[in-house]
Amino acid sequence: MAKQEVVVIFDRKKVADKRGKGKVEVRVYISRTERKYISLGDVAPDELETFISSPKVCAIKKRCEQILAAMSVLDDKLSVEKFDSYYYETGDNPFAKSKNSVNFLQYMEQSIKQENIREGTRKHKICTLEAIRRFGQIKTTKDLTRENLVAFDQWLRDGTRSDVAINNYHKNFRIYTKRLATENVINIDPYDLVKFKRGKCKER
């Protein structure tokens, strides 16, 4: 069996000297031809040691190691696709991170009320919230999946909205999915798993 390794790496693209910050990633060596990179954020070189030793980074690294070990025991195909099926998915997957479900609609509504933003911006966000509510398939954080995002996009494309308007719905929606991921309430921002462009959807 090929060597498997999980390491935290910094500034793989060598931009820290120019920009002052570099990207921290977990590199998962799955096989000789398969590697997975998980982005953890951008930090300055003098912040690197503290960031790498944080509980969140250590937990992600340990989780990757557990998944690799499980793939070996189960004799799974050593591929990024198979690794991702364990890392990102929930439900029956025993290696997915268990989280209590949060009422997403309430979370978004309360966040909008508390934000110090212009009333026009607030109205646009409320419009997005009401659209999600009418869509009906996204109610809790467990519903924040790439499949539901695709279904929401298709629901929006009923002929009554322009591509620009639909893009704004997604832009407002993603503010809160990204925030939930940053706050570690959900494993990953589902918008990182799907790309909407020119009225079409393409899975990443």
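Buried here means under 20% relative accessible area, exposed means over 50%, and partly exposed lies in between, with a 1.4 Å probe and protein chains only. Strands (E, at least two residues) and helices (H or I, at least four) are DSSP runs, numbered from the N terminus.

I recorded that this is a predicted model, in which local features need pLDDT of at least 70 and side-chain atom pairs count only at pLDDT 80 or more, while totals for chains, interfaces and linings use all residues. Residues are numbered from 1 along each chain as its sequence is written, and side-chain values use heavy atoms, with hydrogens and water left out.

**The sheet**

I looked up the strand order and found an open sheet of 3 strands, E1-E2-E3, with antiparallel pairing. Strand E1 (5–10) and strand E3 (35–43) are the edge strands, since each pairs on one side only. I noted an average twist of 15° from one strand to the next. Two strands pair if DSSP finds at least two bridges between them. As a general point, strands of a sheet pair through backbone hydrogen bonds, either parallel or antiparallel.

**E1 with E2**

I found 6 bridges joining E1 to strand E2 (residues 22–29), and the two run antiparallel. I located valine 7 opposite arginine 27 in E2, and phenylalanine 10 opposite valine 24 in E2.

**E2 with E3**

I then turned to E2 and E3, which pair in the antiparallel sense over 8 bridges. A hairpin of 5 residues joins E2 to E3. I noted that tyrosine 29 stands opposite arginine 35 in E3.

**Helices across the sheet**

I saw that helix H3 (residues 55–73) lies across E1, E2 and E3 and runs at about 150° to E1. Helix H4 (residues 80–87) lies across E2 and E3, at about 55° to E3. Axes are lines fitted to C-alpha atoms, for helices over the stretch in contact, and angles run from 0 to 180 degrees between N-to-C directions. Contact means heavy atoms within 4.5 Å.

**Isoleucine 126**

I looked up isoleucine 126 and found it in helix H6 (residues 119–135). Isoleucine 126 counts as partly exposed because its relative accessibility is 36%. I noted 9.0 Å between the C-alpha atoms of isoleucine 126 and methionine 108, which are 18 residues apart along the chain.
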